[in-house]
Amino acid sequence: MASIEGTILDFRRLDRLAAGETALHRLDARAKVLVTVAFILSVVSFDRYALAALFPFFLYPAAILALGNLPIGYFARKVALILPFALAVGMLNPLFDREALVRLGPLAVTGGWVSCASIVVRAVLTVSAALLLVGVTGFPEICRAMERLGVPQIFAVQLLFLYRYLFVLTEEGARSSRARELRSFGGKGQGIPSYGSLAGHLLLRTWMRADRIHMAMLARGFTGEFHSRRPSRFGGKELLFLSGWSALFLVLRLRNVPDLLGSLVMGSLR
Amino acid sequence: MSHHLVEAGNLRHVYPDGTVALRDVSFRITHGESVAVIGANGAGKSTLLLHLNGYLAPTSGFVRVGDRSFTKKTLPEIRRRVGMVFQDPDDQLFMPTVYEDVAFGPRNLGLSDAEVEARVEEALARVGAGHLRERPPYRLSGGEKKRVAIATVLSMAPDILVMDEPTNGLDPFARRRLIELLADFRHTKIFTSHDLDMVLELCERTIVLHDGEVRADGPTREIFRDDGLLAACRLEKPLSMQGCTACGTARHQDGERSSRD
């Protein structure tokens, strides 16, 4: 179960990174959430054969990494985790879409290969943007920002609770699983049925815990509404951050910048 | 001072599955008392505590806090007055940061931001956890969690402090600090515990529950001197009242400390 526990530790690291003190960390979370949404929308709205036009978008994650003083290796590993899934999605494209788009001498690059590569690049871009958002903002702040942007409170609160008890529950699960493993002596330990009962117990314990938490909330006067603090301001800096990045995304989306650069260079050569 | 009163009369509680948790419990705790509720596992301690802030309603009998019995109208006020600290701090600390958790109660009371801030500041200072303000709860040690959990209740300015197993799972040093902290509180205090040495130190009065009934209610020392009673209720003397096997003396002989300490 080292892997589950390792995963928790990894999560905590993300949380610690979010406690950083750079100018980027201090920005109002709403600005960062909106920019991330704008980024993701621009990236996914490209035509399916778009590939070269996507590359300038790497500017954004790179800038956030640098400004937020975040460890690149850590995020690269996290993003690499989802690559197989992206590949699985795009894998069949080369089989179905055999129309050649580009010919490099005898080698024909089919539309399928291009769209497959496009899917992978998009996955890398969007996932890293989302991870970086958590890395410079922190999950609770994101939930609060979402709430203030109009997401119903009940969803925001659900997410907050999910995050808070993720650690408690995974630890509980890891403990149960370790106890099972230690008594199965390297064998299968009575196989799948024992996992079924383990999961069942975990569910029941979670249920009872939810009951106790509710009890603790009632004991402190909970009436169904969460009052949050810190009316942090959406000021000039936030506006600049939001409008600057959005404008850039818009330009990158509407103009194929690599093409433009290419023709500029070719034009000057001619 | 009558609002510090806690009273139960012929309290009986039967769970929906038919388990009789409390048969007949009566007691009256007055202002400033520090009372331990002890008993074996399943004696009904936790069920009793849950009646004290109205989470459970009696099957028959009554519970009163101050001069009020529990009604839908008095419940919020009673819950503010009875600060309840649960056994597992992970159940009590559910907000993203310590600050927000301690502010949860005062905010529900509808206090102004400035007042909330002052309350949080004071409660955290009281338990010596001011430096933990911005930490998320899962990055606290067991002792820190416990102290913060107490702060979440203190910030509501309760008259009565109810704690379920306060020293459970703490290391000796954290336990010692907690006992010192609790000894300083001037609230009416009600604890349940299996830590009988803590009971001996903190509570002048003890109520012994057995099978859902009050088996004994009196000065802590006297109760712990009654070997027959303790054996019948599956309890034993606190270690500090047992003869020392190494040197042959008891620390609390007949209520007096020996000259060794």
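Over which residues of chain B does pLDDT stay under 50? The stretch is residues 254–261 of chain B. There the model has 8 contacts beyond four places in sequence. Two residues are in contact if their C-beta atoms, placed from the backbone, lie within 7 Å. pLDDT is the predictor's confidence in each residue, from 0 to 100.

This is a predicted model, in which local features need pLDDT of at least 70, side-chain atom pairs count only at pLDDT 80 or more, and totals for chains, interfaces and linings use all residues. Residues are numbered from 1 along each chain as its sequence is written, while chains are lettered from A and ligands numbered from 1 in the order in which they are written. The model scores ipTM 0.76 and pTM 0.74.

Chain B averages a pLDDT of 87. In chain B, 93% of the residues score at least 70. Among its elements, strand β3 (residues 34–38) has the highest mean pLDDT, 95. Strand β12 (residues 256–257) has the lowest, 47.

Now the fold of chain B. It has 10 helices and 12 strands. These are DSSP runs, numbered from the N terminus: helices are H or I, at least four residues, and strands are E, at least two. The radius of gyration of chain B, taken over C-alpha atoms, is 19 Å, close to the 18 Å that the globule rule gives for 261 residues, so chain B is as compact as a globular protein of that length. That rule is 2.2 Å times the number of residues to the power 0.38. Along its principal axes, the C-alpha trace of chain B spans about 55 × 45 × 35 Å.

Next, the interior. Buried residues make up 44% of the 261 residues in chain B. A residue is buried if 20 or more other C-beta atoms, placed from the backbone, lie within 10 Å of its own. The largest nonpolar core has 73 residues. Such a core is a set of buried Ala, Val, Leu, Ile, Met, Phe, Trp, Tyr and Cys residues joined through C-beta atoms within 7 Å. Val37(B) and Val102(B) are among the members that touch the most others. Helix α6 (residues 142–154) of chain B gives the largest share of this core, 6 residues. Beyond four places in sequence, the contacts of Val37(B) include Leu48(B), Ile190(B) and Leu209(B).

Last, the meeting of the chains. The contact takes 23 residues from chain B and 20 residues from chain A. On the side of chain B that touches chain A, α4(B) gives the most, with 6 residues.

Note on methods
Buried ≥ 20, exposed ≤ 12 C-beta atoms within 10 Å, placed from the backbone.
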